[in-house]
Amino acid sequence: MSRLVGSSVHRVEDERILTGRGQYVADVRVPGMLHAAFVRSPVPHARITSIDTSAARGVPGVVAVCTDDDLEVADMRLWGPPELLRPAFRPLTADKVRFVGDPIAIVVAESRAIAEDAAELVDVDYELLDAVANIDQALDASRSALFDEAGTNVLLQTSHVHGDPYAAFASAHDIVSLRFVQQRQGNVPMEGRGGVADYSPATGELVYHAAHQNPHQLRVSLAALLGHPAHQLTVRCGDIGGSFGQKAYPSREDVAVCAAAITIGRPVAWIEDRSENLLAAGQAREETIEVDAAVSADGDLLGLRVHMTLDQGAYQLTTLPSSIFPTIVRVLLPGPYRIEHLAFDTTVVATNKATYVAYRGPWEAETFVRERLLDVVATRLGLEPAEVRARNLLRADELPRRGVTGVTMEHLTARETFEQALDLVDLPAFRAAQAAARLDGRYLGLGMATFAEPAPGPPDYSRALGVGASPRSAQRAVARLEPDGTITVFTSQSPHGQGHQTTLAQLAADGLDVPIDQVRVVHGDTRLTPFNLVGTGGSRAATLASGAVVGVTAALRDRIVAVAADALEANLYDLEVADARVSVRGTPSAGITFAEVAARLAPDLDVAYDFAIPDGGWSQATHCCWVEIDVETGIVRIPRYLVVEDCGALINPAIVEGQIRGGVTQGIAGVLYEWAAYGDDAQPLATSFLDYLLPTAAEVPRIDIVHVESPPQGPIDFRGVGEGGAIGAPAALTNAIEDALAPFGVTITDQYLPPWKIVALVHGTSVMTRPA
Amino acid sequence: MKSAPFAYHAPASVDEALALLAAHGDEASVLAGGQSLLPLLAMRLARPAHLVDIHRLDELHRLEVDGEHVVVGAAVTQRRVERDARVAEVCPLLADAVPWIGHAAIRNRGTVGGSLCHADPAAELPVVCVASGATMTIAGTSGRRTVAAAEFFEMPFTTAVQPGELLVDVRIPVRRPGERWAFLEVARRHGDFPLVSVAVAGDAIALGGVAGRPVLVADVDAARDAVTAADDIHATHEYRRHLAGVLVERTLARAAAA
Amino acid sequence: MISVALTVDGHAASATVEPRTTLADLLRDHIGATSVHLGCEQGACGACTVLVDGELARSCLLLAAQCDGRAVTTLAGIGAPGSMHPLQEALRDSHGFQCGFCTPGFVLTALALLRDNPAPTEAEVRAELSGNLCRCTGYQSIVEGVLVAAERMAAE
């Protein structure tokens with residue numbers, strides 16, 4: 001019987017956060033702490049012919065200036081698949097610079113200001129090389145290779161065939177060919193990256209205070225990259241100011257800061273500023289996807305031929321190979337639809353840009369491409385997009401079904417979300433309003449998008465991806481009965497806005513029938529939390545961490561009740577638990593408090609529980625976006641946005657809705673505002689918030705959310721929801737924009753639609769795809 | 001992002017300020033509200049060795065109507081102008097344009113003088129001053145001079161104020177009875193620098209964001225032809241040309257309806 | 001070096017700093033007021049917003065030297081755990097924030113908004129908060145919290 005679960009209880013962390021008592025990595029203070037700034041390349045591609053740090057070292061207040069030679073560190077590569085070229089690289093680059101922002105040296109000083117003064121005095125000589133600024137230039141074999149070792153900027157080329165696409169195309173009524181372009185975007189959390197490497201030469205212990213989604217992975221990676229014993233290395237995360245996939249790896253800067261601290265023998269703090277964050281922290285979404293779709297006369301999608309090219313920037317991530325992103329796109333592209341034949345070619349190229357990282361729903365392109373394609377097919381055939389969706393969406397009676405890319409779809413309710421959304425949208429009324437508005441010179445549009453995301457997905461999803469470390473590995477939780485009867489729960493999750501401190505406490509408090517303030521959730525400290533290479537990410541927390549906490553709470557409750565039964569000389573089944581006390585039903589005076597139980601249980605106060613779900617579920621949604629476009633200025637307004645979603649049971653509805661709205665906002669932003677632009681010379685153009693635009697409260701619409709209550713898929717029916725908003729929104733919004741601009745015969749294939757592009761599309765003029 | 005080091009001065013009189021500015025020449029920057037200067041310092045795009053803070057200069061805090069003009073001292077904050085009932089009454093163009101500038105926190109500190117001297121080609125106040133035929137009073141060690149707004153703005157981020165000189169005030173003509181006026185801008189987000197802005201005051205139509213400084217144009221066609229801004233991350237040249245025409249039309253319609 | 005003496009959240013504070021030190025860095029590094037957050041150091045994101053003599057200001061766009069003798073209010077000065085301001089309580093009720101990094105600037109900006117306009121419309125709230133960037137929430141929960149706070153504060 002749940003009291004807290006299912007209700008939007010106050011977040012336990014809010015009183016602290018709202019009164020300014022958060023503890024972010026920039027707030028960490030360690031005695032003797034020094035401050036680091038990086039010397040970063042101002043040019044996109046060059047050989048380094050010399051580095052002179054003497055002037056920098058002479059600045060009063062500077063303690064050290066280190067280049068690659070001065071640090072004891074390994075090659076940054078840890079692992080990756082054999083088909084992906086993964087050239088060696090260093091935390092601080094020594095031979096070449098490969099993007100504007102590439103770190104060359106680390107300056108450590110008494111203050112950040114002094115470190116920046118000295119960084120300007122580090123004299124680097126460059127022999128400039130031709131820049132590789134985009135996919136076309138990367139494919140051009142006459143351009144210099146970024147890595148001599150690789151000899152090419154094409155790092156991966158693979159082909160996959162699922163079903164029999166050739167037969168599908170042979171039988172097609174029509175073939176629709178489109179080339180979709182997603183522009184580079186940045187995760188841009190409000191807090192940049194950072195870390196404080198607290199190294200003690202006396203003990204050899206390194207405590208790295210970090211803002212990070214995967215503390216255990218960071219620890220293990222740092223130990224390997226630094227050659228530092230893991231038992232002398234701890235990672236501690238406090239409050240984290242957002243991440244969205246950016247603070248999820250051992251970064252080159254993390255390694256350099258730790259190595260510098262060890263070399264110098266003093267604690268070193270590095271707090272990334274916004275300019276570094278926009279330049280070097282990581283970017284995403286830059287993919288070009290060519291699609292040929294074989295369609296029947298009635299709008300069935302018979303088969304797809306796809307070529308996806310991903311621009312991974314210069315350097316790879318140490319713990320996440322760039323090849324994984326197109327793999328996920330390929331595997332998920334059919335989505336909740338009846339697409340039975342797929343040919344998918346992948347190319348990954350290196351360019352002189354920042355590293356491509358995972359960004360909230362990194363496979364979002366599959367929904368963008370598929371949902372845009374469905375609308376274009378509908379327009380070409382003179383059908384309503386809703387009709388084409390209804391035709392192609394899998395029905396309940398077709399499930400369970402093994403999709404063509406090897407993923408079993410069961411308990412999928414994507415179609416149900418679509419049907420409910422359609423009811424709420426009242427399409428006929430909208431079409432009437434749209435037609436009337438056009439007579440007035442007003443352009444209204446409606447777009448929809450339906451998708452499903454593995455949250456965490458069925459067992460064959462990991463196999464289809466071909467990854468080694470399964471994203472569905474067991475998750476452990478530990479529950480401790482404290483001597484005073486309060487409860488501590490230890491989780492591998494690393495919350496950075498998702499409220500796990502609260503949702504997991506809700507589960508534990510319900511499980512033990514205690515008030516929520518009697519439960520504390522501990523996260524982020526690798527000495528205390530259960531080991532897991534994957535912390536938070538990939539929409540896993542809801543299911544796996546919840547399952548672990550529910551399980552460990554039940555196990556602790558059993559242990560408490562067993563002790564109580566013994567102490568009270570009562571039968572287990574005659575006992576009831578309430579308010580941190582176990583008593584005999586009907587005889588409340590015959591009872592024992594949790595504290596008294598703890599005294600009896602000591603030292604066995606900890607219980608561990610491993611949750612490995614054999615069959616993970618899907619989250620799905622249909623997004624509906626209404627727009628009104630001023631075709632003279634190109635400004636797009638969103639008067640209404642609706643999400644009809646099914647992510648199973650909700651632990652805390654307000655938290656779930658916050659996640660959805662945040663994701664939708666990022667998806668909208670990716671269409672209307674955000675472009676991590678580089679010129680044709682690979683110079684970054686959006687290096688401050690004046691140029692990299694995030695929408696404000698004045699631009700973001702109200703987002704209505706309807707939860708579809710489908711039958712539970714098991715006792716732990718909390719499914720991941722963190723990424724869905726960002727996955728569905730770009731498709732829904734671009735569909736709406738194309739719908740609004742239908743009188744102009746516009747076909748939208750770019751994700752980035754700022755005002756000038758809308759106007760260019762309306763006028764049928766050529767459109768600037770890259771700034772000169 | 002921390003500034004390069006500088007010395008800070010807070011002179012108590014205009015003469016003292018001018019002496020400091022003369023002594024340090026182009027190694028000195030005037031600090032008014034700091035809302036445009038401090039970001040440049042933080043990014044080390046500007047590295048003056050000396051900052052001369054003008055907030056103690058009483059004369060530069062003058063805000064009054066002297067019959068024909070609203071006299072706005074260089075250190076008067078945008079927020080003070082925004083809240084002044086008299087300004088709203090006699091110079092509605094100015095009153096209407098100021099709330100478009102950034103956000104409240106910026107306008108609380110940002111000054112009229114600072115915005116004019118920063119001379120961002122997209123800023124609102126320069127466009128209003130050019131449209132209304134304002135005049136700027138500039139002080140130097142050899143005395144004071146006045147410059148018409150149309151001549152005050154020379155190039156992006158460059159005005160007629162020379163090293164060693166100090167803008168003292170701007171005099172904006174009050175609206176003549178029956179004179180049409182309107183201000184409109186198009187920006188990507190609320191509070192952003194406009195992509196294009198238009199100020200109408202009587203027969204004058206001024207455009208901002210389309211060239212290196214505000215330009216006066218006769219009509220919609222002239223507005224398009226006046227656009228010299230190149231493609232940048234926020235807009236193409238073609239778009240600004242198109243938008244200039246659209247916005248001049250809309251602003252004139254608004255001025256007629258007022 | 002410059003000596004600066006000011007009041008922070010009602011307490012006297014002083015420090016001797018380089019002239020280039022911003023108010024934000026003075027507060028964070030010399031006075032321990034770490035509720036002031038740096039999101040951009042350009043004045044664009046609003047996270048560092050404080051009240052100076054009761055008026056909103058970006059602390060990253062003020063020099064410490066300009067604040068001698070001033071009274072600065074940060075988020076920590078608005079309310080404490082167990083005795084929160086009605087605005088803080090309303091934002092907790094509305095689940096206003098997620099990661100909390102933008103929160104200090106938002107709360108102070110909303111406080112100033114409600115002081116100047118005690119019964120704002122949703123559009124006015126959104127316009128006044130448009131100088132504060134949030135990456136987590138999509139703003140709806142923040143706007144709702146501010147509107148609820150307005151109602152409750154008017155009823156007092």
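Residues are numbered from 1 along each chain as its sequence is written, with chains lettered from A and ligands numbered from 1 in the order in which they are written. In this predicted model, local features need pLDDT of at least 70 and side-chain atom pairs count only at pLDDT 80 or more, while totals for chains, interfaces and linings use all residues.

**Exercise 1.** Describe the side of chain A that touches chain C.

Step 1. Two residues are in contact if their C-beta atoms, placed from the backbone, lie within 7 Å. The contact takes 44 residues from chain A and 45 residues from chain C.

Step 2. Helices H1 (14–18) and H18 (653–672) of chain A are the elements that give two or more residues to this side of chain A. H18(A) gives the most, with seven residues. Helices (H or I, at least four residues) are DSSP runs, numbered from the N terminus.

Step 3. By class, this side of chain A has 19 nonpolar, 14 polar and 11 charged residues. Ala, Val, Leu, Ile, Met, Phe, Trp, Tyr, Cys and Pro count as nonpolar, Asp, Glu, Lys and Arg as charged, and the others, Gly among them, as polar.

**Exercise 2.** Describe the contact of chain B with chain A.

Step 1. On chain B, 18 residues are in contact with 26 residues of chain A.

Step 2. Helix H11 (residues 237–257) of chain B supplies the largest share of the chain B side, five residues.

Step 3. That side of chain B has nine nonpolar, three polar and six charged residues.

**Exercise 3.** State how H2(C) packs against H3(C) and against H5(C).

Step 1. Helix H2 (residues 86–93) and helix H3 (residues 103–116) of chain C pack at an angle of about 120°, with their axes 10 Å apart. Axes are lines fitted to C-alpha atoms, for helices over the stretch in contact, and angles run from 0 to 180 degrees between N-to-C directions. H2(C) is therefore oblique to H3(C); angles under 35 degrees count as roughly parallel, over 145 as roughly antiparallel, 65 to 115 as roughly perpendicular and the rest as oblique.

Step 2. C:Leu87, C:Gln88 and C:Leu91 in H2(C) meet C:Val107, C:Ala110, C:Leu111 and C:Leu114 in H3(C). The classes are six nonpolar, one polar and no charged residues.

Step 3. With helix H5 (residues 140–155) of chain C, H2(C) packs at about 135°, with axes 8 Å apart, which makes H2(C) oblique to H5(C).
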